[in-house]
Amino acid sequence: MNVTKSEVKCSQLPADKSPKEGSPQKNSAEHKGYAEAHNSERIAENNITNADLSKEGLHEQILDRDNMNSAYKRVKSNKGAHGIDGMEVDELLQYLKENGSQLRQSILDGKYRPNPVRRVEIPKEDGKKKRNLGIPTVVDRVVQQAISQVLTAIYERQFSDNSYGFRPGRSAHQAIRKCQENVDEGYKYVVDMDLEKYFDTVNQSKLVEVLSRTIRDGRVISLIHKYLRAGVIVRYKFEETEIGVPQGGPLSPILSNIMLTELDKELEKRGHRFVRYADDLLIFCRSRKSAERTLRNILPFIENKLFLKVNREKTVVDYVGKVKFLGFSFYRYKGKTRIRIHPKSVVKMRRKVKELTSRSNGMGNETRATKLRRYIMGWINYFKIADIKKLLSDTDEWMRRRIRMIYWKQWKRLRTRFKMLKSLGVHKQKAWEYANTRKGYWRISNSPILSKSLNNETIKGFGFLFFSEYYRQVTA
């Protein structure tokens, strides 16, 4: 495979458009790094050095007006943060009106140069480690989305029925139901595969090789490779991206599925039952010995053929009831497999509710109620397929106590407490008695007087939503 290089520059912003505050700026010390990042590499297939030769016209399909408009609408609806140029999603339409034709022509000519992504670190569930996200500029997000839409139409026919992540018409719920089905059919032991920092360690050469088996338009391969090699800005410094697929742009999900479809095909060829959601993978077996043998046999393929890293410490063989998959777990009841929420997911949820109901986070009660409502609705919609009635009831009781504690703290003065208790229907003598209490916030929040005055209906009237209430709404 031959590679040719081009150093033609294509700016995404008008000359008078300056980056917003906090956006990385180029300086003389970094100039060399930026120049190296913008050496656009063209990858040709089958030793054909002219990557401009098109066999299927996919390049034109990507840049088709309808496809680009659809990509713009998707990026617009997803919103999201700005990239290194500081351009916000709201500014995108005007930019495309003024520069859309130039942008399209530069891509057609092979002169387009993607910007480096902006590195953002978000904490993982344990709160200790962080996940790296790469935020592309909004213009690059439109182009990536346009590529993704065309690739999805092509590759959906190739993807496995056992793959559920980042695919149209498929969901995490379907993946969990498939796991449930496998266990009910006697496959009670699993290989819980952990691919170490998958998105950060994808071998780009292997990915390009896999892409080239299907995509015969070298210009499309070249454009994708430019995105892979665009680089990343970390604390205002440019870093090359020689490995990995930056997680955070519209292109990374489809590319990750294309790469891992190679693993899906191998597992199917060997006759294994499995469920994969993005880089989360469970391989189902009838016995522990069979699962251990499966792990030993599949490791060489993953590491030596796909050049991916397997985390040996986190990859385990275990009874299905002991593993966590997509936040869920499984248990057996009356001969049937049931779904429950994994304890770690419960801890994460309670941590979030505690954060939103903190007495000292400076949040107004209306804002607090709105944020809690959004979180509860999203959480319930995701976990509603699990057996959670008892958990929700206990969580609501605990959350309401925390809300009462917030209001009690806000009624800080004796006079205010007395006035508020009376307004909520507490007898004058009792209101005065409780207003003078010296008990701590948490203790008083569970007192009969506060439970009756700030009862469930009163708290709902303040705009708060309860887990159990919303669960009944969505499962009725």
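The model is predicted, so local features need pLDDT of at least 70 and side-chain atom pairs count only at pLDDT 80 or more, while totals for chains, interfaces and linings use all residues. Residues are numbered from 1 along each chain as its sequence is written, and side-chain values use heavy atoms, with hydrogens and water left out. Helices (H or I, at least four residues) and strands (E, at least two) are DSSP runs, numbered from the N terminus.

**The sheet**
- An open sheet of mixed pairing is formed by four strands in the order β4-β3-β6-β7; two strands pair if DSSP finds at least two bridges between them.
- β4 and β7 (237–239) stand at the edges with a single partner strand each, so one side of each lacks a neighbour in the sheet.
- Strand β3 (residues 117–123) is joined by six bridges to the antiparallel strand β4 (residues 130–135), where K130 stands opposite P123.
- β3 also pairs with β6 (residues 232–234), in the parallel sense and over two bridges.
- V232 in β6 stands opposite V117, and its bridge partner in β7 is E239.

**Helix α13**
- Helix α13 (residues 365–383) has 19 residues.
- Its buried residues (under 20% relative accessible area, 1.4 Å probe, protein chains only) include R368, L372, I376 and W379.
- The exposed residues (over 50%) E366 and R374 lie on the face turned away from the buried side of α13.
- The buried residues of α13 pack against β11 (328–333), β12 (336–341), α12 (343–356), α14 (389–410) and α20 (467–475), where contact means heavy atoms within 4.5 Å.

Methods:
Expected span 1.5 Å × (residues − 1).
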